[in-house]
Amino acid sequence: MWFEVLEGESVVQKFVREGNPQAFSNTIWARATLGLKGTALASAIDTKEVAEYLVREGKPQEISNTMWAMAKMGVEARILASAVDREEVVEKLVQDGRLQNIANTIWAMATMGAEARNLASAVDRKDVVQKLVNAFPQDISNAIWAMATMGAEARNLASVIDRKDVVHKLVHQGNPQDISNTMWAVATMGLEARNLASAIDRKEVVQKIVLQGNPQDIANTIWAVATMGAEARNLASVIDRKDVVHKLVHQGNPQDISNTMWAVATMGLEARNLASAADREDVVQRLVKEGCPQTLANAIWAMATMGVESRNLTIVVDRKDVVQKLVQEGTPQNVSNTIWAMSAMKVECPGLVNGIKGDAERIIKNGNSQAVSNIAYAFADLGYYEKRVFDAVVGQAERIAKGGNEQSLNNILWSLAVAGRMKENERAVEVLWKEVNRMDVDRLGEKDWTELKLVSLFAGSEGMELEAGEVHQRKMDE
């Protein structure tokens with residue numbers, strides 16, 4: 001009842017006019033802890049006058065609790081966040097020495113999407129890091145998660161996160177969310193954390209994650225393992241267990257399901273139970289309605305990569321409304337992964353093909369070499385020799401020749417040959433062919449050499465002369 005009364009405009013104004021930092025902090029913290037919203041009160045606190053008063057007169061814990069509560073309630077407190085990130089306020093938080101206050105404040109900043117350059121810099125100071133690693137696992141996890149979310153450099157923090165004593169504390173004292181958030185942060189920062197990856201794959205830790213953790217904890221952990229290129233045999237072995245799959249598809253959101261499938265496929269593993277559950281009609285409808293284009297693209301890419309059949313997802317992916325959302329809202333990589341998956345599964349998809357064709361120039365112009373080559377390869381492999389698509393690919397030939405790898409260039413050459421588009425694009429073919437012949441022969445497999453030989457034969461049949469280097473020619477002739 002009191003909280004409802006406090007949302008009245010006149011009461012709120014009186015409260016912020018007569019209240020003190022402790023009153024502001026305790027009240028907004030209580031609302032957030034109870035899961036209540038506080039639009040009027042939060043708005044009143046996020047004014048210049050109140051924010052300045054809070055950071056000037058408030059204790060570090062009062063500042064931290066207020067920030068935490070605002071973030072927890074989903075409030076973007078831009079004015080307050082800006083005031084908190086001032087150097088003198090940051091120093092006040094750091095000098096207080098209570099690491100939970102620092103961790104909660106930077107967590108709140110990251111959750112709000114606010115910039116916190118001074119705070120992030122302070123958190124990564126050696127003296128603060130040394131104190132932080134002796135803190136509770138949640139504080140360590142919140143700090144590195146926030147740094148990764150904000151894209152901040154954290155060299156000192158990153159250098160100790162994989163230390164054996166820190167890893168031991170995280171996996172033995174931390175809960176599944178502490179573990180998964182730390183793993184996610186390390187992977188997002190592009191760091192190697194072999195001790196951490198090895199520790200989370202111990203059987204007792206795996207059981208803690210899959211039994212006590214929620215679907216997001218499970219998904220983030222295995223996504224991080226796959227992103228880091230680490231082995232996690234024990235974790236991988238339980239991901240496809242029926243009870244774990246049931247939790248993922250019934251309690252998880254589309255991103256949890258999709259990220260888990262992507263991770264399993266990336267690790268070169270099969271997850272038949274997970275793939276079968278994800279292809280159920282009700283789950284597919286959730287992926288489409290609640291998920292974004294990346295969610296759908298990752299799911300179908302994973303199925304194709306694992307070599308499992310998909311009846312429902314492949315049908316939905318070719319639906320007009322789904323294609324429209326993918327093409328208009330998805331990235332070139334989302335589009336290319338989806339059409340590549342349909343190609344790998346040998347599923348005709350005229351709706352998807354028409355959608356890509358209609359916006360081919362933009363998609364291909366903005367795509368990297370892998371995305372462009374995947375689209376070209378899929379179109380040729382499925383027998384869709386659309387001039388508009390291949391013209392767009394050829395238009396990017398010189399860019400791709402400079403920045404693409406052996407596989408990308410090879411795929412485009414093969415696609416042009418199969419689609420019968422070589423002679424009319426002789427200049428582009430020569431540019432790509434010349435670049436392929438400069439590359440390391442050891443990076444191409446037997447299938448690649450067979451395809452390059454086919455390109456050479458097609459070129460010859462059309463009166464084109466493509467000269468191969470001595471080593472490349474010998475490889476094609478083997």
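This is a predicted model: local features need pLDDT of at least 70, side-chain atom pairs count only at pLDDT 80 or more; totals for chains, interfaces and linings use all residues.
Close-up 1. The structure holds 3 aromatic pairs, and one of them is formed by W145 and W184, a tilted arrangement with 6.4 Å centre to centre and 35° between the planes. This pair links distant parts of the chain, since W145 belongs to helix α12 (residues 137–150) and W184 to helix α15 (residues 176–188), 39 residues apart.

**Close-up 2. The stacked pair of Y377 and W414.** Y377 and W414 form an aromatic pair that is stacked, with 4.6 Å centre to centre and 25° between the planes. Because Y377 lies in helix α30 (residues 369–382) and W414 in helix α33 (residues 406–418), the pair ties together parts that are 37 residues apart in sequence. Both Y377 and W414 are buried.

**Close-up 3. The cavity lined by L296, A297, V317, V322, L326 and T338.** The structure holds 1 cavity of 30 Å³ or more, and the volume of the largest cavity is about 40 Å³. Helices α24 (293–306) and α26 (320–329) each supply at least two residues of the lining of this largest cavity. By residue class, the lining of the largest cavity comprises 5 nonpolar residues and 1 polar residue, with no charged residue.

Definitions and conventions. Residues are numbered from 1 along each chain as its sequence is written. Side-chain values use heavy atoms; hydrogens and water are left out. On a 1 Å grid over the protein atoms alone, a cavity is a set of points where a 1.4 Å probe fits but cannot get out, and a pocket is an open set with protein on both sides within 12 Å along at least five of seven lines; lining residues have an atom within 4 Å of a point. Grid points are joined across faces, edges and corners, and a volume is the space filled by probe spheres set on the points. Helices (H or I, at least four residues) and strands (E, at least two) are DSSP runs, numbered from the N terminus. Ala, Val, Leu, Ile, Met, Phe, Trp, Tyr, Cys and Pro count as nonpolar, Asp, Glu, Lys and Arg as charged, and the others, Gly among them, as polar. Rings of Phe, Tyr and Trp (its six-membered ring) pair if their centres lie within 6.5 Å; planes under 30 degrees apart count as stacked, over 60 as edge-to-face and the rest as tilted. Buried means under 20% relative accessible area, exposed over 50%, partly exposed in between (1.4 Å probe, protein chains only).
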